[in-house]
Amino acid sequence: MFGDILGWIILGIVILVIIILIVWLIARTIGIYNHFYILKNSSEATLGQIRVAMKKRLDMIEQLLGAVKSYAKFEQETFTRVTAMRAAVATAGPGDLNKVEAESRSIFGRLLAVAENYPDLKTSQSVTSLMDSVKSLEDEISRHRYTYNNISQEFNTMMDTIPSSFIGNLAHLSKLEYLQFEEEIKTPPKIEF
């Protein structure tokens, strides 16, 4: 009789341990799944902030082009390209933002070079103010890019490690692309008049 009671107690403990393990496993799975989506939503919000800052920068570059236009003849193609980039930023993914970033930096570098060649343009209050604003936006974009890449790194690490990789694959998630903006223009801008 004592053996039967002891057997039932042991069976009850084993069942309780199994239930606790199942509940813990479900809670852990839900926690990992939720963390994936927290990171995914954070990355999308940060990309949105980058898009807004890049659009502002392109608006200012367009204004700078207008101010510089009277001093140097920029090709109509440059104005058209800036307008196209502004429209593309709203829906651009990380890879497209990398391209817009490189191209807008190139145009801005050419504008800086033109300002250097025309002293009265360089001292113009509106041009100086716009250039300072663009440089300020460069810092803002850089901060947002840093945040986005940190979020992407955490997300991608979860996609590469066990057990979160199983949950990520079951949810059909894929790794996030990093933003790899160039810090400086690799080749000096070519100025043509």
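Of the 193 residues of the protein, 34% count as buried, a term that means under 20% relative accessible area, with exposed meaning over 50% and partly exposed in between (1.4 Å probe, protein chains only). This is a predicted model, in which local features need pLDDT of at least 70 and side-chain atom pairs count only at pLDDT 80 or more, while totals for chains, interfaces and linings use all residues. Residues are numbered from 1 along each chain as its sequence is written, and side-chain values use heavy atoms, leaving out hydrogens and water.

**Overall fold**

- The protein has six helices and zero strands; helices (H or I, at least four residues) and strands (E, at least two) are DSSP runs numbered from the N terminus.
- Read from the N terminus on, the order of elements is α-α-α-α-α-α.

**Helices H1 and H5**

- The axes of H1 and H5 come within 9 Å and cross at roughly 160 degrees. Axes here are lines fitted to C-alpha atoms, for helices over the stretch in contact, and angles run from 0 to 180 degrees between N-to-C directions.
- H1 and H5 are therefore roughly antiparallel to each other, the word for angles over 145 degrees; under 35 counts as roughly parallel, 65 to 115 as roughly perpendicular and the rest as oblique.
- The crossing of H1 and H5 is left-handed, meaning that the near helix is turned anticlockwise from the far one by less than a right angle, whereas clockwise would be right-handed.
- Alanine 45 lies in helix H1 and counts as partly exposed, at 46% relative accessibility.
- Between the C-alpha atoms of alanine 45 and tyrosine 148 there are 9.0 Å, although these residues are 103 residues apart along the chain.

**Surface patch**

- A nonpolar patch on the surface is formed by Phe2, Leu6, Ile10, Val14, Ile18, Ile22, Ile26 and Ile30, which together have about 770 Å² of accessible area. Patches consist of residues with over 30% relative accessible area and no salt bridge, joined within 9 Å for like charges and within 5 Å for nonpolar side chains (Val, Leu, Ile, Met, Phe, Trp, Tyr).
- A salt bridge is a side-chain nitrogen of Lys or Arg within 4 Å of a carboxyl oxygen of Asp or Glu.
- Isoleucine 18 is located in helix H1 (residues 2-69) and is partly exposed, with a relative accessible area of 44%.

**Backbone features**

- The peptide bond from isoleucine 162 to proline 163 is cis, with omega near 5 degrees.
- Proline 163 sits in the loop between helix H5 (125-160) and helix H6 (164-170).
- Histidine 172, in the segment after H6, has a positive phi of about 60 degrees although it is not a glycine.
- Histidine 172 counts as exposed, at 72% relative accessibility.

Note on methods: Accessible areas come from the Shrake-Rupley method with a 1.4 Å probe; for residues, only the protein chains shown count as cover.
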